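Please look over the sequence and the model shown here before reading the briefing.

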Amino acid sequence: MNTSQPVSEFIIVGLSEFRDKHVIMFVVFLLAYMTILGGNLMIIYLVRTDSKLNSPMYFFLHNLSFVDIVYTSVTIPNMLSGFLTEIKTISTSGCFLQMYWFISMAVTGRALLTVMAFDRYVAICNPLRYTAIMTRKVRVLLIFGAWGFGMLCTLPTISMTSMLPFCGPKHVQHCFCDPSSVMKLACDDISFISRLSLSSAVFALLTTLTLILSSYVVIGVSIVRMGSSESRRKAFTTCAAHLTVVSISYVSASFVYISYRVGNFSSDVRIIVAVLYSALTPLLNPMIYSLRNKELRDAVRRVLCRRRAVSPQAKKIITTLS
């Protein structure tokens, strides 16, 4: 009979093999987190204040930036504090809350990319009916659908994991409460929950990826049928940033899956891959959309030019964007 006391907190082990480089990693991830917050808050601010960015595409981009902020804020601040302390603890309830929001925001981000693919499909394949189809009500319903999909896909697995008995050990071999790392600590059979977790993840990824690819197959056919090369170029330009983000997001997710399923990788390599994946897409999204989108660049210039006296630094930024 097991007489161990139930676990009330977990110890986040982090990257044990790189303890001598924790200060460097703290600085790197702090800069990355500040860039993520700055870039995504910039997009949110521009979309909310610039009347010219009122199309459905920017409405969805605004929501994607908000999801990216929540997604990274759930894990990175705790990870940063772990780099500066010898022992990083987290309560069991805090661990499961972190786990839930991290996974649900990841799925919600994929769902929003799917919604944005549908928006591009309507814009290119039904341009004359675009405003009639993508009404304010439809946009809000699509956003609620994306959030609902992310939360419902995640809820069963996290709920069942939180009900497992944990009676020691309590060392989580990760930088945050990763589901597979926490489940291994349960003093009960986890085979069913592991299969459920994998099935939910595969379902979320394949469903969203299939819908995105289906949209772009139809978009591709429509672009090929366009009469002029200028029309084809404009149509491709409207999709370029979104396609880039989708490619980075799903390719990096595939690397995480491979690192967990292939036995040749050490635990620290798996952790590094997972941590980089969690920060990569939110870090690159604002850069990709800003660099490839003229309307966003123009909005930045308008914001900088609103001040009567423009500082030399602002002038440099304006010149660069021009």
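This is a predicted model: local features need pLDDT of at least 70, side-chain atom pairs count only at pLDDT 80 or more; totals for chains, interfaces and linings use all residues.

Residues are numbered from 1 along each chain as its sequence is written, and side-chain values use heavy atoms, with hydrogens and water left out.

**Confidence**

- The mean pLDDT of the protein is 83, and 89% of its residues reach 70 or more, where pLDDT is the predictor's confidence in each residue, from 0 to 100.
- Confidence is highest in H6, at a mean of 93, and lowest in helix H12 (residues 312–321), at a mean of 55; helices (H or I, at least four residues) and strands (E, at least two) are DSSP runs, numbered from the N terminus.

**Disulfides**

- A disulfide is a covalent bond between the sulfur atoms of two cysteines.
- A search of the whole structure finds two disulfides, each being a pair of cysteine sulfur atoms within 2.5 Å, and with the bonded cysteines counted along the chain they follow the pattern 1-3, 2-4.
- One of them joins Cys 95 and Cys 177, whose sulfur atoms are 2.0 Å apart, and this link is left-handed, with -125 degrees about the S-S bond.
- Because Cys 95 lies in helix H4 (residues 92–125) and Cys 177 lies in the loop between strand S3 (171–172) and helix H7 (179–183), the pair ties together parts that are 82 residues apart in sequence.
- Cys 95 counts as buried at 0% relative accessibility, and Cys 177 counts as buried at 1%, where buried means under 20% relative accessible area, exposed means over 50%, and partly exposed lies in between (1.4 Å probe, protein chains only).
- The other disulfide is formed by Cys 167 and Cys 187, with their sulfur atoms 2.1 Å apart.
- This pair links distant parts of the chain, 20 residues apart, with Cys 167 in the loop between helix H6 (136–162) and S3, and Cys 187 in the loop between H7 and helix H8 (191–225).
- Cys 167 is buried, with a relative accessible area of 15%, whereas Cys 187 is partly exposed, with a relative accessible area of 31%.

- Cys 239 lies in helix H9 (residues 229–261) and is buried, with a relative accessible area of 2%.
- Not counting residues up to four places away in sequence, Cys 239 touches Arg 120, Ile 124, Tyr 216 and Ile 219, where contact means heavy atoms within 4.5 Å.
- The C-alpha atoms of Cys 239 and Met 116 are separated by 9.6 Å, although these residues are 123 residues apart along the chain.

**Pro 169**

- Pro 169 lies in the loop between H6 and S3, and it is exposed, with a relative accessible area of 57%.
- Pro 169 and Phe 10 are 159 residues apart along the chain, and their C-alpha atoms are separated by 8.8 Å.

**Helix H11**

- Helix H11 (residues 294–305) has twelve residues and reaches 16 Å from its first C-alpha to its last, close to the expected 16 Å at 1.5 Å a residue, the expected span being 1.5 Å times one less than the number of residues.
- In H11, Leu 296, Asp 298, Ala 299, Val 300 and Arg 301 are buried.
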